[in-house]
Amino acid sequence: MTPADLSTAELLQYASIPVVAALIGWITNWLAVKLTFKPLEFVGIPPFLGWQGIIPSKARKMADLCVDATIAKLGTVQEIFEQIDPELLSQHVIDSLMPRVEEYVDDVMTREHRTLWENLPMRARKIVYDRVRKSAPSLVDKLVTDIGLQIDTLLDLKKLVADCLEADRELLNRLFQECGEAEFRFIINSGFVFGFIFGLFQMVAWYFYPSSWVLPVCGFIVGWATNWIALNIIFRPVRPTKIGPFVIQGLFLKRQPEVANVFCDIVTQEILTVGNILNFMLNGPQSGHMRAIIRKHVKPLVDETAGITKPLTQIAFGPSGFAKLREQVGEHAIMLSHETFDDPLFNKSRATAVAAIMRERMMLLSPEEFQALLRPCFQEDEVKLIMIGGVLGMLAGVAQLIWVFGESML
């Protein structure tokens, strides 16, 4: 029987094969992308009957891979601290502190020694306020300088970024999604194109060999191959390769400048903010060291400004009371640090400076190093995703065999 001998209904049946294959390719690739990121939490009956997005399910591993591939190569802790600019950091603290000196002093003094402070003549209080204003700039400069000298000990950049990404799976997802937006879109859309092409071969195979296993097996191949081909087009070849008059390279690798902009903006504006860096130093593995540095620099301020003179203050408070006052002022300074560096405008201005050096370094990554940014999110459980596509393609082939051609699997 030749194609000319086929009825209109039979021609439509055959024509449906590449169309269905195209839909299988599109749906399976769309599903593969969705299952990479969603759901954030496991849905089903743990540990095996259900699903959690590949990236959220391995958040720590993915965060570590991301950091190893990029952050660890984009700048040292000292370089990032220099880009934040210690002088601007000091000035920001001073500008935030000065308008509220009275408020901060009153808060500390009334918390521990309300009666004494409230009965102190206003003239004496003003002497304390003035001394704080006079001493604060020098204190802040010395504090920031001291932090800068010990920044390599106080700040573990890799742990900070990895901790943030692990704790915020939505942010981890978004980092990969925005960096690979064009590639994920290509994977989905290419599934339709490649599926249609495979469907043409499937149609020919069915025409010449209409056995019950042909459509399910071809459907499996379509679901499996469209995903596999798309992934290879994205990441292969790693380096520009000339084939005849054409120079080809993996799609993701061609977008290094664009991806560098997106990646560095997200990292510096949402992770490596001044606020997050300070919070990590105050609450991370070296928090005791950081807090000790702050108290060391606050101690002279208390000695000088806690009262009109230190001996009188010690007499009024007693030795233990004066020591507790020092401790309270130190704790208040730590709390003030949180408030000061949660300023969105200051964080944004410093993020721009840090992003500049990171972007420059990211552009210098080799193609092999650069692909490591996005490749891990496909490598994890990649076979499982491709197999899911294959199974869905096979089920679609069975459905087509039964409902379109009216055949039986038996």
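Start with helices α3 and α10, which cross in a right-handed sense. The model on screen is a predicted one.

Select residues 59-69 for α3 and residues 157-167 for α10. Their axes come within 9 Å and cross at roughly 140 degrees. Angles over 145 degrees would count as roughly antiparallel, so this pair is classed as oblique.

Now show side chains at the contact. On α3, pick Ala59, Arg60, Ala63, Asp64, Val67 and Asp68. On α10, pick Lys158, Val161, Ala162, Asp163, Leu165 and Glu166. Colouring by class gives six nonpolar and six charged residues, with no polar ones, in the contact of α3 with α10.

Next, select residues 8-37, helix α1, together with residues 214-235, helix α13. Their axes lie 9 Å apart, and the helices pack at an angle of about 45 degrees. That angle makes α1 oblique to α13. The crossing of α1 past α13 is right-handed.

For this contact, display Ile17, Ala21, Ile24, Gly25, Thr28, Asn29 and Ala32 on α1. Facing them on α13 are Leu215, Gly219, Val222, Gly223, Thr226, Asn227 and Ala230. By class, the contact of α1 with α13 holds seven nonpolar and seven polar residues, and no charged ones.

Last, select residues 122-149, which form helix α8. This helix has 28 residues, and the distance from its first C-alpha to its last is 40 Å, close to the 40 Å expected at 1.5 Å a residue. Centre the view on Ala136, where α8 bends by about 35 degrees. A proline, Pro137, follows within four residues of that bend.

Terms used
Residues are numbered from 1 along each chain as its sequence is written. This is a predicted model: local features need pLDDT of at least 70, side-chain atom pairs count only at pLDDT 80 or more; totals for chains, interfaces and linings use all residues. Side-chain values use heavy atoms; hydrogens and water are left out. Helices (H or I, at least four residues) and strands (E, at least two) are DSSP runs, numbered from the N terminus. The expected span of a helix is 1.5 Å times one less than its number of residues. The bend at a residue is the angle between axes fitted to the seven residues ending there and the seven starting there. Axes are lines fitted to C-alpha atoms, for helices over the stretch in contact, and angles run from 0 to 180 degrees between N-to-C directions. Angles under 35 degrees count as roughly parallel, over 145 as roughly antiparallel, 65 to 115 as roughly perpendicular and the rest as oblique. A crossing is left-handed if the near helix is turned anticlockwise from the far one by less than a right angle, and right-handed if clockwise. Contact means heavy atoms within 4.5 Å. Ala, Val, Leu, Ile, Met, Phe, Trp, Tyr, Cys and Pro count as nonpolar, Asp, Glu, Lys and Arg as charged, and the others, Gly among them, as polar.
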